[in-house]
Amino acid sequence: MTGAPSPWLQRFAPRPAGTALDVACGSGRNLRWLADAGWRVTGVDRDMAATAPLRGLAEIVDADIEGGPWPLPDRTFDLVVVCNYLWRPLFDTVKAAVKPGGWLVWETFADGQQTIGRPSRPDFLLQRGELLRICEGWRIVAYEDVFETNVNPRFVQRVAASRPLNPLQRQPKIAAIHSIVTP
C-alpha cells in the first residue's frame, strides 16, 4: 500500500484533467490518484523499485534529478505536483515545467520540523514564506504554513499557484492564505 494521496492535491488539482507531472513520485500515492482522476501522468523518481508497479498507470522516468540533468527538458504540464520533496536548485526547473495557465501544487516540510523529528537538515526544510517567494508573479490560489497535530505531527508549507498565461500579466494578490505559527 502506498498511502493516501495528499488532501491538498485533491483539493486544488484543477479540472478538467490534463497532463500532470509528479516530481519525486516515489511509490505513487499522488500519481495513482491523478491517474484514477483521468490525468495523463508522468512520474519522475530515481527509485526504480518504487516506481516499477506504476509503469502501467503512467509514463515513468527514472532519473536522479539532484545529481543529473533534468530528464524532461522542453516539456510542460497542466499540473506539476511536488509533495514531501525539496531540492532548491530545481525551483526554476520545476516552475518552467508548468504550462502557461497551468498549476503548481507543492507541499513539503517546513522550518520547525527539526524540533520534532525528520527531516531535520535545513536543506530539506522550507523557510517561512519560501513557497510564496518562489511563486512570485503567479496567482497564489492558496497557501499554508502550519503545524499539523494529526497522527504524524509535522511542520508543513503548501502552495497552490497558477502560472500566468502571459509572463507580463500582473497577478492578483493571494486569494487565500492560512498560516498558523506555533512556538
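Visitor: How many salt bridges does the structure hold?
Guide: The structure, which is a predicted model, holds 12 salt bridges.

Visitor: OK, take R75. Which residue does R75 form a salt bridge with?
Guide: The partner of R75 is E59, and the closest N and O atoms of the two are 2.9 Å apart.

Visitor: And where do R75 and E59 sit in the chain?
Guide: R75 is in the loop between β3 (59-62) and β4 (77-83), while E59 is in strand β3. They are 16 residues apart, so the pair links distant parts of the chain.

Visitor: What is the relative accessible area of R75?
Guide: R75 has 31% and is partly exposed. E59 is also partly exposed, at 35%.

Visitor: New topic. What does R121 pair with?
Guide: R121 forms a salt bridge with D123, with 3.0 Å between the closest N and O atoms.

Visitor: What about R154 and E148, buried or exposed?
Guide: Both are buried. R154 and E148 form a salt bridge, and their closest N and O atoms are 3.0 Å apart.

Visitor: Which residues are joined with them into one network?
Guide: E107, E144 and R158 join R154 and E148 in one network, through salt bridges that share partners.

Methods
Residues are numbered from 1 along each chain as its sequence is written. This is a predicted model: local features need pLDDT of at least 70, side-chain atom pairs count only at pLDDT 80 or more; totals for chains, interfaces and linings use all residues. Side-chain values use heavy atoms; hydrogens and water are left out. A salt bridge is a side-chain nitrogen of Lys or Arg within 4 Å of a carboxyl oxygen of Asp or Glu. Helices (H or I, at least four residues) and strands (E, at least two) are DSSP runs, numbered from the N terminus. Buried means under 20% relative accessible area, exposed over 50%, partly exposed in between (1.4 Å probe, protein chains only).
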